[in-house]
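Okay, thanks everyone for coming.

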Amino acid sequence: MKPAAFSYVRPQSWSDALTLVASGARPGAGTQSLGPLLNLRLAQPDTIADLRHLPDYAGVAVSGNVLRIGAGTTHAAIEDGAVPGRTGEIMAGVARRIAYRPVRNRGTIGGSLAHADPAADWVAVLPALGGTAIALGPQGERRLPLAGFVTGIFETALATDELLRAVEVPVFPAGALWGHWKFCRKVGEFSKVTACVLSIPGAAPRAVLAALDGPPLVIDDASALLADTDAEAARIVSAFPGLSEWRRAVAQTALRHAVAAVRQS
Amino acid sequence: MSRIAISLTVNGEPTKVETEPREHLADLLRGRLMLTGTHIGCEHGVCGACTVEIDGAPARSCITHAGSCDGASVRTIEGFGDDVVMAALREAFSQEHALQCGYCTPGMLVAARDIVLRLPNADEARVREELAGNLCRCTGYRGIVRAVLSVLTARRSS
């Protein structure tokens, strides 16, 4: 339960951080996911580059119809209202249910997303919100859709010499409807199944089914799920043939609860 | 791997210590600074026994490694001697039988103090939700929840 030895570096500039990552350093932020893996020796990096002291790593900026959230923004900051408006309400509700407050005080949205644990909350929710990941590499910034950013278990679309700098999410209208349901036997534990539905008046609703041992399933037009929920939930879940019977049942329940929450919101 | 020298403030005292980057804060506090009030349970962030304050906010000292604490201000259960909220919680924990073996208590108190200060209107359901990150194997939580609620109620009526 003690980590293997590693070196620790604290880059003060993004170019130093990129150099470190290009030479194989493991990026670290709040280490609320990486820390346990280090202690369990499931991760044994030679070097950890602590990104928390980089300029503009944390914080939220509004630009027109887009909210840019620094990758180092903590879950607790989002829970406490760092993101404004209807988008912020939705995200604060999600943040409050991530692990526990002492974990949320250090864990970051970008760290969690880049770590890409299939059961992590932002991995499920950000594709449903439908924004953009801002990657920074040697050639500058690259924009990647959040839907499709997580490509597998602990795998993302980031190149090995890139860092996640920020996520951009849309400013939602006050009438945006949101349903989010995850199955945890105990408050704060990792989700066994997560479903989210976002419905904005005048646009096709979007749904995500996640925490099923792989990348999240993003349904760009979930109109059928809202129209004929039981049948469509069964059809969606049948796309995961490896699931045990109880997990399949819980996944369908998650979709039904997320749809019901959208109808009530 | 090389050792590093870090400077941090522990319970108000500026402290310089030589450590390995891999050493976690709980081991640093207990083994090097002899602050054994911080307890180590699961060592992967789940049980809450190691909860301390880092830069004014509760955090898990078992998954926060020494390097990242360079420059930080840490407060352990030994550092709340003159804190009125903590004094009220200690009294309430005693009154409500909110501890038996005491292993979870330091982390439980740090988490409880955060609830009292951050969520002054919390009801029982919210207190239980907020305490979900601190495991107790003795009390069944009833006494702990009662203790936190009694401090919240007293502060609301004062």
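I'll talk about a sheet and then about some helix packing.

Keep in mind as we go that this is a predicted model. So, the sheet in chain B. In what order do the five strands sit? Reading across, you get β2-β1-β5-β3-β4, an open sheet with mixed pairing. At the edges we have β2, residues 13-19, and β4, residues 57-60, each pairing on one side only. Neighbouring strands are turned by 40° against each other on average, if you ignore direction.

Let's look at the β4 end. Strand β3 of chain B, residues 51-54, runs antiparallel to β4(B), and four bridges join the two.

Now, what lies across β3 and β4 of chain B? That's α3(B), running at about 50° to β3(B).

And α3(B), residues 105-118, has a helix partner: its axis and that of α2(B), residues 84-95, come within 10 Å and cross at roughly 120°. That angle is why we call α2(B) oblique to α3(B). The crossing is right-handed, by the way.

Who's touching whom? From α2(B) we've got B:Val85, B:Met86, B:Leu89 and B:Phe93. They meet a set in α3(B): B:Thr105, B:Leu109, B:Ala112, B:Arg113, B:Val116 and B:Leu117. Sort the residues of that contact by type and you get eight nonpolar, one polar and one charged.

Conventions. Residues are numbered from 1 along each chain as its sequence is written. Chains are lettered from A and ligands numbered from 1 in the order in which they are written. This is a predicted model: local features need pLDDT of at least 70, side-chain atom pairs count only at pLDDT 80 or more; totals for chains, interfaces and linings use all residues. Axes are lines fitted to C-alpha atoms, for helices over the stretch in contact, and angles run from 0 to 180 degrees between N-to-C directions. Angles under 35 degrees count as roughly parallel, over 145 as roughly antiparallel, 65 to 115 as roughly perpendicular and the rest as oblique. A crossing is left-handed if the near helix is turned anticlockwise from the far one by less than a right angle, and right-handed if clockwise. Two residues are in contact if their C-beta atoms, placed from the backbone, lie within 7 Å. Ala, Val, Leu, Ile, Met, Phe, Trp, Tyr, Cys and Pro count as nonpolar, Asp, Glu, Lys and Arg as charged, and the others, Gly among them, as polar. Two strands pair if DSSP finds at least two bridges between them.
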